[in-house]
Amino acid sequence: VQLQASGGGLVQAGGSLRLSCAASGRPFSSYGAGWFRQSPGKEREFVAALTWGGRNTFYADSVKGRFTISTDSPENTMYLQMNSLKPEDTAVYFCATSPTGHLGADYYIRAGSYHSWGQGTQLTVSS
């Protein structure tokens, strides 16, 4: 599967933005999928994930209650709705798919669990 992330940009603190990840090939219902982010000088960090068909969702504590991961009805596009944005959310955001779609949070929080990655989209949150 090829992934194309989009929707990043510049937003003020407290604002909202929605990232999209389009999949070519098999739909997201065939995979587990997630969002990660990376800031300069830092390791890639787990943000959110969902299992096959979006049955279960997982979030990093830093975004819980503010971010929502979802897919559209044909499940060809995955979204990350981000509300109440903070300057520390500034990063390049990556979407990814995992060949396994029925495991728990401990599996999906690890970048090594994913086999396909999008190119990343930059989010900058100004204070």
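## Buried charges

D89 and R37 are both buried. This is a predicted model. A salt bridge joins D89 to R37, with the closest N and O atoms 2.9 Å apart. The two are 52 residues apart: D89 sits in the loop between β8 (77-82) and β9 (91-98), R37 in strand β4.

D89 has another partner. Its side chain meets that of R66 in a salt bridge of 2.8 Å, N to O. R66 belongs to the loop between β6 (57-59) and β7 (67-71) and D89 to the loop between β8 and β9, so this pair ties together parts 23 residues apart in sequence. R66 and D89 are both buried. Shared partners join R37, E45, R66 and D89 into one salt-bridge network.

## An exposed salt bridge

The whole structure holds 4 salt bridges. One of them is between K64 and D61, at 3.2 Å, N to O. Here both K64 and D61 are exposed.

## Aromatic cluster

The search finds 7 aromatic pairs in the whole structure. In one, the ring centres of F36 and W117 are 5.2 Å apart; the planes meet at 65 degrees, so the pair is edge-to-face. F36 is in strand β4 (residues 32-38) and W117 in strand β10 (residues 116-117), 81 residues apart.

F36 is buried, at 1% relative accessible area. W117 is partly exposed, at 29%. Both belong to one aromatic cluster, along with F46, F58, Y107, Y108 and Y114.

## Arginines over rings

R18 lies over the face of Y79, 4.0 Å from the ring centre. R26 lies over the face of Y31, at 5.4 Å from the ring centre.

Definitions and conventions. Residues are numbered from 1 along each chain as its sequence is written. This is a predicted model: local features need pLDDT of at least 70, side-chain atom pairs count only at pLDDT 80 or more; totals for chains, interfaces and linings use all residues. Side-chain values use heavy atoms; hydrogens and water are left out. Rings of Phe, Tyr and Trp (its six-membered ring) pair if their centres lie within 6.5 Å; planes under 30 degrees apart count as stacked, over 60 as edge-to-face and the rest as tilted. Helices (H or I, at least four residues) and strands (E, at least two) are DSSP runs, numbered from the N terminus. Buried means under 20% relative accessible area, exposed over 50%, partly exposed in between (1.4 Å probe, protein chains only). A charge sits over a ring if NZ of Lys or CZ of Arg is within 6 Å of the ring centre and within 35 degrees of the ring normal.
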